[in-house]
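Thanks for making time this morning. I would like to walk you through a few local features of one model, so please keep the structure in view while I talk.

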Amino acid sequence: MVVFVCGCNAQNKNTINTEAPKIVLAEAFSEGLAAAYDGKKWGYINTAGEYVIKPQFGSYADQDGHITALPFVNGTAAVILPAVEVEFDEIIKNGFALIDTTGQIIKRYDHIGRSYNGEYEVQISDRKYTINSKGERIK
């Protein structure tokens, strides 16, 4: 879903509000938050279109904003750290993280995949695991 924010002032439609958040692209809402791209970094917005987790997460190289801040599932989401471009399926030491709905890092990983039923596939060094939404190893 593409969202364009005009940044217009409510009193004077011709005045630009420079404090309006920039949202170039936003994904579907999950648990009241949606991953949103400002043209350089990913963050999360609430249903009012306000950033509640500021844009700070990276994206895949040559993907022009390909989503890398994934939807929240059971209160957590997988993201790329820091705000850099990486190659798809690239392994980066501590370059991925599981975050909570406030943006706090629960745990860092060398790679993390999309959640299925609240479980994530992660990699640390050369070992792959399945974790739950609390970051606990389950497989």
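Predicted model: local features only at pLDDT ≥ 70, side-chain atom pairs only at ≥ 80, totals over all residues.

Asn-74 is exposed, with a relative accessible area of 52%, where exposed means over 50%, buried under 20% and partly exposed in between, using a 1.4 Å probe and protein chains only. Asn-74 sits in the loop between strand 5 (59–60) and strand 6 (76–80), strands being DSSP runs (E) of at least two residues, numbered from the N terminus. The phi of Asn-74 is near 55°, a positive value in a residue other than glycine.

Residues are numbered from 1 along each chain as its sequence is written, and side-chain values use heavy atoms, with hydrogens and water left out.

Ser-125 also calls for a look: its phi is positive, at about 55°, although Ser-125 is not a glycine. Ser-125 belongs to the loop between strand 11 (120–124) and strand 12 (127–131), and at 44% relative accessibility it counts as partly exposed.

Turning to the sheet, 4 strands form an open sheet in the order 1-2-3-4, with antiparallel pairing, where two strands pair if DSSP finds at least two bridges between them. Strand 1 and strand 4 (51–57) are the edge strands, each pairing on one side only. Strand 3 (residues 42–45) is joined to strand 4 by 3 bridges, and Ile-45 has Tyr-51 in strand 4 as its bridge partner.
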